[in-house]
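We will go from stop to stop together.

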Amino acid sequence: MGQIVVLDQNMINMIAAGEVIERPASVVKELMENSIDAGATKITVSIEDGGRKLMSVSDNGYGMDAEDLAKAFEPHTTSKIKTSKDLHSISTLGFRGEALASIASVAQIKAVSRAKDSAGANCIEIDCGSKSSISPASADFGTTIQVRDLFYKLPARRKFLRTVNTEMEHITEQFKRIALAKKNLDMTLIHNNREVYRLSGKESFRRRIAELFSSEISENLIETESDEKGIHIFALLGTPNISKTNNKFQYVFLNGRFIRDKFISHAIKEAYRGILEPDRFPIAFLFIQMPYEDYDVNVHPTKIEVRFYNANLVHSQILGCLREKLLGTEFHTRAKLPIPAQAKHRLGTSHRSQTITDAMAEFFRRHKPIQTQQQTGSAIMDYYSRQHTADIQTTETQAYSPAQIGSLETKFLQIHDSYIVEQTDDGFIIIDQHALHERILYEKLSNRIRNNKLESQRLLIPESLEITDAEADAIKKNAELIDKLGIELVPFGPRIYAIQAFPTLLARAEAIDFVRDLIDLLTDKGVGLDPDRLLDEILNMAACKAAIKAGQRLSDSEIIQLLADRQHIECAGRCPHGRPTTIKFSLSDLEKQFKRT
Ligand SMILES: Nc1ncnc2c1ncn2[C@@H]1O[C@H](COP(=O)(O)OP(=O)(O)O)[C@@H](O)[C@H]1O
Ligand SMILES: [Mg+2]
């Protein structure tokens with residue numbers, strides 16, 4: 001006798017539920033999405049015990065009449081698509097027609113709905129797949145679906161539910177995603193009769209973000225927008241000071257649907273390259289609009305993944321839009337001031353309130369800051385052109401106009417041979433001399449090399465180094481790149497190469513050390529890594545090696561040169577690895593600390 005049987009419908013639904021309904025949050029997501037597809041402008045979500053006991057979603061959408069209410073919980077029933085053609089341009093959040101049937105097969109349901117033009121409401125109850133008949137009910141326009149005791153007949157699934165707090169966190173996350181995607185919706189989330197969020201569709205989007213996350217996040221977002229090649233992008237990008245240790249705070253919406261996509265995550269990460277440290281993740285809210293025909297949403301049961309037909313275009317548009325904005329923004333790292341000790345312990349001793357700000361103020365009092373003398377424009381120009389021999393960098397010293405330098409007639413001071421303190425209009429800044437110089441060199445190097453090759457100077461005495469066969473291969477393979485870097489490296493004998501010329505911009509670096517590390521990098525990564533990334537790594541390494549070090553005493557002219565360069569490069573606020581170069585202290589911070597206000 002044959003072993004194969006046809007599964008009954010409830011079994012089929014339960015199997016589908018296994019895919020769609022992972023936990024209470026999945027139910028809440030599906031119900032909220034249905035409310036949105038029904039044109040609701042107001043949604044109320046009420047939860048008990050993290051969704052184990054009850055999940056109820058009410059909306060003021062167009063509702064269902066008695067006939068539709070009976071059908072909605074049948075498998076494969078939907079009002080959202082009709083023919084296979086519709087599958088190519090899905091504008092609704094749902095379309096698979098399996099959510100309600102799946103939920104109803106694994107819980108107790110009560111659904112009440114009243115269609116827009118109908119005189120009364122109807123109600124249906126379902127207990128793990130077994131349905132009551134439709135009965136009249138009294139309710140306002142719209143739909144309320146209550147889901148009780150999820151998985152109560154499936155102890156194995158119920159056992160996998162986590163604590164109330166964990167399940168509630170997942171529900172809250174789903175609620176946030178919808179709240180971000182549909183900013184004009186009035187939305188309320190209630191847990192165990194306590195209001196968690198009440199959002200009005202009339203409030204500003206930043207206000208919504210402040211309520212959902214924090215005002216710190218909301219206040220530290222920069223906005224950008226682009227509309228090219230059929231892709232509209234609107235982004236709110238977190239500044240580096242509010243970065244995170246994971247990418248959970250990256251919210252990407254495609255035509256109002258929350259998605260996760262590895263191309264897009266990569267584009268975001270790339271956009272922040274050099275602005276954030278490599279192990280940090282930016283906060284980002286990204287809203288993409290593009291024709292429904294340009295991607296497939298029917299690739300994942302919960303529709304969190306989509307397939308772009310031209311993923312490279314999506315990647316490059318996002319990267320371009322975000323990168324342009326981020327590179328054009330000056331990020332200041334503000335000093336994080338500790339809460340004054342008195343505020344913490346009203347009767348505590350004041351010694352404990354000695355903070356960085358206090359220490360700096362003290363420093364200013366004791367050391368009379370160096371004041372650059374009043375100089376005429378031409379004297380300054382002269383001074384600048386004479387600086388060719390100064391350490392900071394010979395051929396790269398830039399002649400700034402007197403107007404440009406005007407803003408540099410300022411008070412500055414080097415402390416601990418590592419930091420430069422400069423007075424600004426509204427306070428002072430502390431610069432990490434190594435990090436800033438690294439950024440300056442990196443910018444100069446990359447501008448130069450992308451247009452041309454680096455200028456080099458011949459070494460008086462060539463320096464030689466021993467090379468393995470693999471390294472010799474790497475040198476030969478990358479001969480063009482090495483030449484572009486302004487390095488002349490010639491074979492000198494068996495397994496020996498000589499450095500005959502070295503880039504002027506890197507004069508502070510030891511030629512032999514730098515070339516050794518370069519060869520290591522080319523041998524390790526010369527294959528595999530794409531040429532742009534490889535060059536970027538080399539420039540990073542070069543900037544780091546040739547930059548002024550911490551612990552190095554600088555002359556006034558060197559400091560002036562650094563401060564002048566700072567005003568003329570992109571991304572001066574961050575070193576190429578994404579660490580801050582500058583920390584700002586405002587007068588109002590000082591006043592607060594000294595209790596002047
Ligand atoms: N809140 C609601 N308001 C109005 N109609 C609804 C609502 N929820 C579900 N429906 C109807 O029930 C149908 C089935 O819902 P569902 O099982 O989630 O499938 P899908 O959303 O994929 O169509 C929907 O297509 C819609 O017509
Ligand atoms: Mg649905």
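Select helix H6, residues 164-181: this helix lies across E12, E13 and strand E14 (284-289), at about 55° to E12. Helices (H or I, at least four residues) and strands (E, at least two) are DSSP runs, numbered from the N terminus. Contact means heavy atoms within 4.5 Å, and angles, from 0 to 180 degrees, are taken between N-to-C directions of axes fitted to C-alpha atoms, for helices over the stretch in contact.

This is a predicted model, where local features need pLDDT of at least 70, side-chain atom pairs count only at pLDDT 80 or more, and totals for chains, interfaces and linings use all residues. Residues are numbered from 1 along each chain as its sequence is written, chains are lettered from A and ligands numbered from 1 in the order in which they are written, and side-chain values use heavy atoms, without hydrogens and water.

Next, select the sheet. In which order do its 5 strands run? The order is E10-E11-E14-E12-E13, in an open sheet with mixed pairing. Strands E10 (221-228) and E13 (257-259) are at the edges with a single partner strand each, so one side of each has no neighbour in the sheet.

Zoom in on E12 (residues 250-254), which pairs with E13 in the antiparallel sense over 3 bridges; two strands pair if DSSP finds at least two bridges between them. Click Val-252 and look for its bridge partner in E13, Ile-259.

Finally, select helix H10 (residues 311-327), which lies across E10, strand E11 (231-238) and E14, at about 45° to E11.
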